[in-house]
Amino acid sequence: MANLVHMVAPARRVPPCADTGDRRYTPVNGGARFLLRLREAAIGPAAEALGIDLAVPLNRASVVNSRGAMRLSPDEWLLLWPETEAASVAPLLAARLTDRRYSLTDISHRQTGLMLNGAAVPDILNSGCALDFDLAAFPVGMVTRTNFFKAEAVLWRQDEFSFYLEVWRSFVPYVWSLLSIVGREYPE
Amino acid sequence: MLLIPCPYCGNRPEIEFAYGGEAHVVRAADPGQVDDAGWTEFLYCRNNPRGDHAERWRHAYGCGRFFNVKRNTYTDHIEASYRIGETRP
Amino acid sequence: MTQAYRLAAGGRIDRSRTLGFSFDGKHYKGYQGDTLASALLANGVHLVGRSFKYHRPRGILSAGAEEPNALAGVGCDDAHYTPNLRATQVELYDGLKAESQNRSPSLVRDYGAVNDLLWRFFPAGFYYKTFMWPRKAWTKFFEPRIREMAGLGRSPQTPDAACYAQRFAHCDVLVIGAGPAGLAAALAAAKTGARVILCDEQAEPGGSLLAEPDAVIDGLPAADWLKAALAQLAAFPKVKVLARTIAFGYFPHNMLGLAESLTDHAGEPDDTSPRGRLWQVRAKEVVIAAGAIERPLVFPDNDRPGIMLAEAARIYAERYGVLPGRKPLVFTAHDSAYRTALALHRAGCAVAGIVDMRPAADGPYAAAARRAGLPIYLASTVSGTGGRLRVARATVVSLAGGAEQRIDCDTILMSGGFTPSVHLFSQSRGKLVFDATLDAFLPGAPAEACRVAGAGAGLQTLKEALESGAAAGAGAVGGAAVTYQVTNAPLARGGFIGVVPGHVDPTSVRAFVDYQNDVTAKDVSLALREGMRSVEHVKRFTTTGMATDQGKLSNMNALGIMSAELGKPVSAIGTTTFRMPYTPVPFGYFAGYARGELFEPERRTAIHGWAAERGAVFEDVGLWKRARYFPQGGEDMRAAVARECRAVRGGVGIFDASTLGKIEVVGPDAAEFLNRMYINAWTKLQPGRLRYGILLREDGFIIDDGVIGRVSETCFHVTTTTGGAPRVLAMMEDYLQTEFPELDVWLTSTTEQYAVIALQGPLARQVIEPLVEGADISAKAMPHMSMVECRIAGVPARLFRVSFTGELGFEINVPADYGRSVWEALMESGLAHGITPYGTETMHVLRAEKGYIIVGQETDGTVTPADVGYSGMIGKAKPDFVGKRALAREAFATQTNRKQLVGLLTADPALVLEEGAHIVADPAQPKPMTMLGHITSSYWSETLGRSIALALLRDGAARTGETLHVPLESGDARVTVVSSVFYDPEGVRLNG
Amino acid sequence: MQRYSALALIRQSINGHKGWKPQWREPEPKRSYDAIIVGGGGHGLGAAYYLARKHGMRNIAVLEKGWIGGGNTGRNTTIIRSNYLFDESAALYDHALKLWEGLSQELNYNVMFSQRGVLMVAHNVHDEQSFKRHVSANRLNGVDNEWLTPEQAKEFCPPLNIAPGMRHAVTGAALQRRAGTARHDAVAWGYARAADALGVDIIQNCEVTGIERDASGHVTGVQTTRGPIASRRIGVSAAGSTSLVMAMAGLRMPLESYPLQALVSEPVKPIFPCVVMSNTIHAYISQSDKGELVIGAGTDAYISYSQRGALHIPMHTLEAICELFPIFRRMRMMRNWGGIVDVTPDRSPILGKTPVPGLYVNCGWGTGGFKATPGSADLFAYTIARDEPHPINAPFNLERFGAGRLIDEAAAAAVAH
């Protein structure tokens with residue numbers, strides 16, 4: 001039998017999203033994600049190690065080049081990282097935070113991103129999310145965990161009418177179907 | 001749907017939260033020192049007032065933190081919310 | 001048929017758009033802008049319904065949401081049919097099909113009307129007093145008859161074809177009602193730049209201004225002012241005006257429910273766009289400008305078709321250009337009815353008279369009526385009416401006494417004054433205060449950030465309405481108050497609640513309080529006589545206020561009657577609680593998008609598609625779909641499972657275990673944290689090793705289990721049951737944050753990060769080995785209950801050597817996006833070994849053969865570790881863990897007779913016991929029998945060639961060898977108590 | 001007691017119904033009673049009735065802070081069944097069901113008990129296992145309960161959607177034919193009238209504000225908004241308010257009070273022949289004698305005494321109703337309301353003595369108290385009269401929590417694998 005050890009890593013297969021024809025929605029495939037947990041004292045060193053500001057206020061994102069750190073909780077950051085640089089994250093932190101008082105967990109495959117662009121997107125989100133998307137209440141740059149219908153979601157406002165939505169992978173078809181149905185009420 | 005003031009994230013809709021029961025119910029550091037009656041009380045008996053109630057909520061679909069809320073169980077009016085470890089107002 | 005009662009001009013209807021519609025199969029014409037009610041009246045149709053109990057002929061009483069009589073079923077077909085719609089709220093469209101209700105065979109001839117002849121035998125609550133003998137007759141005869149009489153319309157029989165939408169929204173000010181007060185409120189708030197939502201239940205905003213030909217506001221005729229106000233509002237970018245939108249509910253913390261009707265008025269159903277939208281609005285401030293509802297007068301036979309509220313009649317004339325009749329008689333205790341009389345007089349009606357209960361009527365409308373020469377009967381009352389299917393006459397009598405006077409008429413227009421709509425304010429828990437001068441409950445101290453304006457606050461003039469609205473709107477956002485100049489809108493006063501005084505024997509006539517439910521003044525008196533004193537008792541005993549209008553017309557009159565009979569002021573009686581919804585809202589609005597596959601998320605694993613393509617049969621576990629078995633060539637479940645079991649025991653099987661919950665527990669204190677959570681000891685578990693863990697509730701009962709791997713000194717990979725994953729994570733977070741905040745440990749759900757593939761069977765290693773990179777997985781290097789991080793099929797993996805089957809087994813955790821590729825690589829690698837995919841059913845059988853429990857099947861929330869024989873797992877040296885103290889309670893620890901896990905073997909090896917069947921010692925005992933326990937799991941064991949069962953049995957551990965009985969529907973089954981491990985009790989095969 | 005019958009009704013009809021007597025008196029509270037029941041719901045009124053009827057006590061008062069039947073008795077969805085899993089529960093609820101079967105005749109008051117059958121719908125393998133376990137246990141306990149296929153279930157309840165493509169398809173159902181519904185108000189009124197006829201004083205608008213005890217700790221009476229009333233036997237049957245009343249005697253109860261919502265549709269002609277419950281997707285529905293669809297929703301998450309709840313709770317329920325019965329999607333909600341249910345840690349009731357001599361408690365019925373009304377009342381009366389529980393309610397004592405003898409029906413239905 002052939003030795004299969006050196007087979008090439010297969011391509012990532014994300015949950016399928018049927019083509020809805022709605023150009024406002026784009027699945028964002030791939031990318032690396034980590035959940036970083038640490039206490040107040042470690043914020044500075046960790047930020048230095050990763051080269052990104054982590055001392056942002058709660059529910060705000062910090063972005064450097066194509067890296068993002070979303071502060072979802074006082075001690076929790078969702079790191080969105082280029083897949084090519086993902087392997088370096090753990091060693092960088094381990095080298096700097098030698099007391100191991102932190103947690104870094106790879107969740108690259110746990111969730112999938114959807115990009116939503118369009119003037120009706122706040123209304124569309126409000127079909128299933130009870131947050132206020134007025135710019136004063138949910139400014140550009142805000143990111144938070146919340147719910148979208150019966151799914152947990154992370155929602156990041158990148159622009160007045162651009163939102164980045166992350167949901168756990170098994171909820172993607174559900175969320176995608178709802179977005180497409182609701183989208184029909186708010187024509188492009 | 002209540003509007004619950006998370007001490008970390010601000011006012012958020014109730015559906016983002018999980019109710020956590022009465023606040024300030026302390027689990028003994030050494031349960032072995034508590035007698036049977038006391039442990040049964042700890043397990044099962046809770047304040048159940050009509051009026052002000054200190055209770056825990058977790059911002060489960062938000063920052064994930066547990067915190068305490070002082071809410072009137074008849075009017076639903078929320079007087080205060082405060083972090084775990086802070087004293088009851 | 002022509003629209004004989006349509007005026008030649010006037011009204012807000014569009015006469016250029018004629019619409020055809022049918023009512024009970026008969027075709028009519030109306031205009032765009034009509035309601036079904038106005039169009040029927042335009043065609044002279046008054047008889048539109050039958051009442052609930054007596055099947056009395058009924059006409060159109062009102063022009064709005066309070067309508068109790070004119071209910072119709074509307075819809076082009078059964079999939080679009082709605083019963084019980086108020087004709088006064090149904091907007092006319094071309095082709096509308098409506099039918100009357102609660103009549104058979106027709107409105108004119110209704111067999112049910114026999115009840116009306118027998119009315120004396122059906123007073124309020126009669127059914128509590130009879131139909132009890134003989135006992136069976138209630139079930140067999142009386143109740144079915146009563147039920148046949150129940151209901152108004154008929155339910156649709158076909159699934160609804162429409163879809164529904166929902167929205168959350170936020171605003172600074174939500175204004176409810178777009179009449180003068182609401183418009184003024186919205187304008188005042190909008191000027192400050194506030195976010196405003198203005199909603200109104202009608203198709204057109206405007207409220208009373210839609211039928212206001214006289215008043216002049218700030219120099220503009222009311223209609224023009226309305227137009228200008230709407231144009232102004234439309235120009236504010238942060239103002240949203242929602243027409244056809246009912247604010248139906250007021251919930252805590254200023255959350256309001258609105259129901260917006262989107263397509264019903266358009267007729268032609270387009271099932272792809274939503275029929276309606278439910279709004280959940282969180283408002284910083286609320287302005288309720290909901291107006292007031294005119295009250296009927298309670299007098300004998302006050303319910304014949306043609307008897308109508310006076311203000312409604314004027315609205316039909318002035319807004320819809322429709323005359324309710326040509327010879328109206330007005331009966332009133334309020335000035336506004338004079339205005340109606342004048343309007344109809346101007347429109348060419350021969351007003352038969354104005355009967356006013358009051359001794360004097362001095363208002364400007366009364367003066368005008370006098371000047372117009374309309375006959376006025378002061379201090380008089382209507383003591384009866386006549387006419388079978390339409391009122392034809394009334395008897396009028398002076399309250400001072402004297403002879404009855406018969407007056408011919410074709411309509412009677414009544415007004416008992418106006419009841420402020422305090423429904424939403426009351427729902428918000430605001431205090432209501434009874435105002436004895438107005439005979440009305442008015443909003444008092446609010447409980448939420450909410451203000452009431454206009455007629456709903458008891459204000460009676462247009463100027464007051466506008467200015468109170470402006471003050472409320474401005475006050476809500478810190479804006480400036482506004483004054484309005486209003487001319488030609490004089491004050492109208494008066495009002496009456498209760499049963500009108502008369503001179504006839506009240507026992508022989510019926511004066512209706514609640515029209516739809518046929519509750520008469522006599523019924524209210526009867527309730528009081530029978531000892532019902534609370535307003536709630538009277539309501540429940542008589543059913544007044546319990547009809548589909550929920551007492552909008554009847555409540556105050558019922559209170560008036562109670563007040564008079566009990567000799568207590570209304571304020572001492574109180575009112576019934578106002579509840580949502582303000583008017584009925586279709587279920588579909590509440591259900592919204594949650595239907596079919598979107599009812600709840602259907603969670604699928606990364607490998608689901610592969611299984612589906614191979615015809616797997618799935619089962620629901622929580623929100624997950626799991627492959628239950630993989631039938632081949634027409635196999636039934638038993639055959640498929642037998643084959644899958646043979647494959648695992650004899651070769652190798654592959655199983656998708658991705659749904660198992662996974663939690664990454666990380667930090668220097670991770671081991672200590674697990675020590676405190678699980679019953680087992682974790683400190684000494686070496687990195688690279690696995691242990692089966694049991695989690696208890698604090699009260700000592702098993703809540704979850706799973707294998708836990710120590711990835712490194714500071715990192716544990718915890719698995720949970722599929723259904724328990726969220727619960728366990730929440731419980732751990734709870735302890736971590738509130739009990740052990742000093743521990744440096746963090747929890748992250750990785751359930752969906754990994755696809756988990758179980759390879760089980762003696763050939764498992766041969767299948768995996770060629771795919772593994774970076775690890776030695778030989779039996780020696782990687783024994784049972786160990787783990788390693790490596791690459792499998794080219795992707796990073798956590799490989800567990802673990803078994804839930806009793807065979808040599810591996811569980812491969814790979815990042816989920818690679819799950820299917822790795823699965824396919826394993827299938828390819830396993831082809832030569834006869835690899836067989838298996839599902840949850842086979843998994844269940846195999847683990848049962850080994851006596852492994854499933855939490856939720858062998859346990860039921862009342863089972864301790866000792867009950868299932870797992871005491872040995874408890875970390876004896878540990879000072880504490882969740883549940884330890886509870887298990888140590890004396891009363892608990894010394895208990896005997898607890899149910900314990902055992903195995904059972906049937907005397908007949910072919911007999912597979914039913915799961916859930918119960919165990920007894922004596923099958924001949926009469927019922928109720930003494931049950932010793934029940935079967936938790938029962939399967940055909942292909943491996944053993946016989947059936948096996950697991951059971952929870954009282955004192956089970958001590959009963960090994962005993963013969964007991966399982967009474968089945970098919971007869972008694974004899975069973976022997978055995979060990980719960982049926983196969984390979986020494987566990988040799990695990991070490992293969 | 002003025003006897004109710006068809007003949008009486010006819011006679012009164014001829015006389016304009018002027019001769020009907022009050023169903024119960026409005027007495028002033030006496031200074032002392034042999035027994036006091038706190039709480040004028042079905043359970044409390046029934047207990048007073050059975051104390052008088054079966055135990056020969058006559059000097060009894062029922063104290064109600066509002067109007068009788070105004071709490072959960074008048075707010076529930078009137079479902080009656082006894083197909084419980086555990087022997088203790090089955091015995092308790094079937095005792096009640098047997099009393100329901102003759103209650104109208106016993107009270108001479110038609111409580112409209114309708115044995116239309118309760119269908120509990122299964123949606124997955126675990127439900128099937130759980131319901132079959134119920135069927136089996138019930139059969140041996142002499143409680144009727146049978147398993148139906150989806151087709152049989154639809155035949156029994158034609159509006160039921162059994163399409164296999166549903167998100168949670170119907171995989172079968174357990175049917176208890178003796179189960180059904182009753183007219184809730186009539187239960188309170190019927191008991192009140194019958195108790196009153198036996199001399200029981202029903203005192204409304206009388207809120208208990210304190211419980212008096214002597215030096216030995218034994219109860220001696222209550223303070224009320226209408227003055228002090230002495231008694232050495234006090235039975236508390238106050239549902240959602242039990243914690244508050246028991247606190248007056250210094251007792252902390254294993255109870256939490258939650259709002260439970262329900263709703264009705266507009267009335268329609270008969271369309272729904274039975275009661276259907278789905279625990280998995282949370283739907284409870286029947287049709288009243290008046291034609292309304294009566295629908296039970298879930299509890300809100302937090303403790304509350306406000307008799308109302310949040311909108312998302314009935315929304316969730318109606319999602320489930322529309323899924324199981326898509327023909328009802330156009331039906332309209334007419335009225336929604338809330339009650340306050342007192343819930344124990346194992347969601348089974350507490351019915352028995354308390355650590356305070358002379359003080360008895362009947363509480364913790366959670367969302368399911370109405371069905372037990374006559375049984376609970378009968379057993380409570382027994383317990384108060386004899387100062388010891390009846391064998392049927394003996395397991396439902398307060399001590400079971402400490403002893404780990406939980407009677408946890410809900411946990412028995414939980415799922416994990």
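Predicted model: local features only at pLDDT ≥ 70, side-chain atom pairs only at ≥ 80, totals over all residues.
Trainee: Which residues does D:Arg308 touch, once residues up to four places away in sequence are not counted?

Mentor: D:Arg308 touches B:Thr75, B:Asp76, C:Phe251, C:Pro252, C:Gln427, C:Ser428, C:Arg429, C:Glu448, C:Arg579, D:Pro259 and D:Gly338, where contact means heavy atoms within 4.5 Å. Residues are numbered from 1 along each chain as its sequence is written, and chains are lettered from A and ligands numbered from 1 in the order in which they are written.

Trainee: Is D:Arg308 buried or exposed, and how do you know?

Mentor: D:Arg308 has a relative accessible area of 10%, and buried means under 20%, with exposed over 50% and partly exposed in between (1.4 Å probe, protein chains only), so D:Arg308 is buried. It is found in the loop between β16 (293–299) and α9 (312–324) of chain D; such helices (H or I, at least four residues) and strands (E, at least two) are DSSP runs numbered from the N terminus.

Trainee: What makes the meeting of D:Arg308 and B:Asp76 a salt bridge?

Mentor: A salt bridge needs a side-chain nitrogen of Lys or Arg within 4 Å of a carboxyl oxygen of Asp or Glu; here the N to O distance is 3.6 Å, so the side chains of D:Arg308 and B:Asp76 qualify. Chain B and chain D have two salt bridges between them.

Trainee: How much area do chain B and chain D bury between them, and how is that area defined?

Mentor: They bury about 2,000 Å², with 52% of it on carbon and sulfur atoms, buried area being the accessible area (1.4 Å probe) that two parts lose on being put together, summed over both. Of the area that chain B buries against chain D, B:Tyr19, B:Tyr44 and B:Asn48 supply 34%, more than any other three residues. The contact takes 21 residues from chain B and 23 residues from chain D.

Trainee: How many residues does each side of the contact between chain D and chain C take, and how much area is buried there?

Mentor: Chain D gives 111 residues and chain C 137, and about 11,000 Å² is buried between them, of which carbon and sulfur atoms give 55%. The count of salt bridges between chain D and chain C is eight.

Trainee: Why is the pair of D:Glu26 and C:Arg533 called a salt bridge?

Mentor: The closest N and O atoms of D:Glu26 and C:Arg533 are 3.2 Å apart, which is within the limit already given, so the name applies.

Trainee: What makes the pair of B:Phe17 and B:Phe67 edge-to-face?

Mentor: The whole structure holds 51 aromatic pairs over all chains. Rings of Phe, Tyr and Trp (its six-membered ring) pair if their centres lie within 6.5 Å, and planes under 30 degrees apart count as stacked, over 60 as edge-to-face and the rest as tilted. The centres of B:Phe17 and B:Phe67 are 5.9 Å apart and their planes stand at 80 degrees, so this pair is edge-to-face. B:Phe17 lies in the loop between β2 (10–13) and β3 (18–22) of chain B and B:Phe67 in strand β5 (residues 66–72), so the pair ties together parts that are 50 residues apart in sequence.

Trainee: Does B:Phe67 count as buried or exposed, and what about B:Phe17?

Mentor: B:Phe17, at 9% relative accessibility, counts as buried, and B:Phe67, at 0%, counts as buried too.

Note on methods
Heavy atoms only, no water.
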